[in-house]
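Open the structure in your viewer and get ready to select residues. This tour visits pockets.

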Amino acid sequence: MESELEIANGDATYDLSSILSSPYRDYLVRNNGDQVKFDSFKGKITGLYFSASWCGSCQRTTPKLVEVYNELAQSKNFEIVFISSDDEEESFDAYFSKMPWLAIPFFDFHARGKLNALFGVGGIPHLVILNEDGKILTSEGVRVIVENGSDGYPFNAEHIEKLKKQDEEAKMNQSLKSLLVTESRDYVMTSDGKKVPVAELEGKTVGLYFVLATDDECLDFNPKLIEVYNSLREGGESFEIVMVPQDEDEDSISEEFETFPWLSLPINDTCCLKLVWYFELAAIPTVVIISPNGKTLQSNVVEAIEELGVKAYPFTPEKFAELEEIEKAKREAQTLESLLVNQDSDYVIGEDGVKIPVSDLIGKDILLYFSAHWCSPCQAFLPTLTKAYQEINKNNKRLEVIFISDDTDQKAFEDYFSEMPWLALPFGDKRMESLSHWFKVAGIPTLVALGPTGKTVSTDANGFIMAHGAEAYPFTRERIEEIEVWGPRARAFDEESKDKTAAQG
């Protein structure tokens, strides 16, 4: 057998019959079981499609790839070979049944693994396209085909560069029509199935909502987005949302869509995947804001909507700059009372639920401890925090901790709080949500340090305590730098003193 990899002028050249075969197999298969010898596609441009049935992105990519393959296979010298990452033959067969091209047989695990390693496949879907001589044309075949369809052919560098320039020009001339209209569709849908022409949305501020029906973060975000959408519409604002569903299961998203007041692209529309690549989507959920002139205004306003609600509208840079100045002023004016006192509550609780007025805590150093009974890292951190708390307050009580629970039931909260020697917000207190937003708590445990004036000293006090224990108090940057600079010197001095004493003895 020939060498799997030859080097020609510094470029990798692959002999397809060599890298796609194995010692006991000299053929590929079709989904009807037919065996196909390698000579049948010799001299063709070939795509190696790394994919799997369990991969949602793959499920959304494959229909587009089928469409392009069917357009090119008859009139062009183009072939695709499926290299599966499935672990079960039944799943492989069901997925492969949707594909009109060839595949490495399921049983040949070694060949499939070898190809993944050979082409450095770090994630799927992944499409490597090789020319007639076996040289790589592009390792970004998925992106090229999703963005350009069959127009991406023949996939060489010169042609792709030409398409990139065309894409840049198209972005400069971007409009709602260029984003949402295809050759076969010029409308979006209402939840009851009515067609709304895209032309009717022109001149409006439009949010493109990229969503997965079953994703927990989307499920948490939907009520807030519905609230903002309804408020803006009822207030007469020229605002619309167009959902860009990312589900491959039509039933799940259809059921969810019935509860939404906005519009949507048809489920599994080719535009859904194309827009993911176009906007270089990095997260779900994402809301991209398109201005009334059709240009992209903001790449993702999910966080702004969660924190600011309708105040973030109309999502312009000027509006965000104004809100930033307001927030800056609020942070500069921050006090313990501004954080912990509202119309409903002006206290925290101690042992046995005793109410402690927030006013009694003014002038103290405070740690806000975002934690939960169900959180293993929180459970592991609690003894360290308790020890530091007790050491800091050994001579006189200078520091107070307030537990802010993310527990889901009263008993779990009470059981966990009973292990703590400090204060807490009552279970289910609304201040927990506002404080989490204010301090942008992304995970737990999180420990926020406040100085005697109520200003924020650190949002990473748990890291400081883990590294330095009680010595980290009062958690200022100056104190941490002092420890990190002088700590090693002090230890070295102590060791030197011990050595001198021992020598004199």
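This is a predicted model: local features need pLDDT of at least 70, side-chain atom pairs count only at pLDDT 80 or more; totals for chains, interfaces and linings use all residues.

**Stop one: the largest pocket**

Select Glu306, Glu307, Glu433, His437 and Trp438. Of the 48 residues that line the largest pocket, these lie nearest its centre. The space here comes to about 1900 Å³.

Now colour the elements around it. Two or more lining residues come from each of α8 (216–234), α11 (302–308), α12 (317–332), α13 (336–340), β19 (365–371) and α16 (431–438). Which element gives the largest share of this lining? Select α16: it supplies eight residues.

Next, colour the lining by residue type.

**Stop two: the second largest pocket**

Clear your selection. Pick Glu147, Asn148, Gly149, Asp151 and Lys274. They lie nearest the centre of the second largest pocket, which has 27 lining residues. About 980 Å³ of space lies in this pocket.

Show its elements next. Those with two or more residues in the lining are α2 (56–73), α5 (141–148), α6 (157–172), α7 (176–180) and α10 (270–278).

The lining of the second largest pocket holds nine nonpolar, eight polar and 10 charged residues.

Conventions:
Residues are numbered from 1 along each chain as its sequence is written. Side-chain values use heavy atoms; hydrogens and water are left out. On a 1 Å grid over the protein atoms alone, a cavity is a set of points where a 1.4 Å probe fits but cannot get out, and a pocket is an open set with protein on both sides within 12 Å along at least five of seven lines; lining residues have an atom within 4 Å of a point. Grid points are joined across faces, edges and corners, and a volume is the space filled by probe spheres set on the points. Helices (H or I, at least four residues) and strands (E, at least two) are DSSP runs, numbered from the N terminus. Ala, Val, Leu, Ile, Met, Phe, Trp, Tyr, Cys and Pro count as nonpolar, Asp, Glu, Lys and Arg as charged, and the others, Gly among them, as polar.
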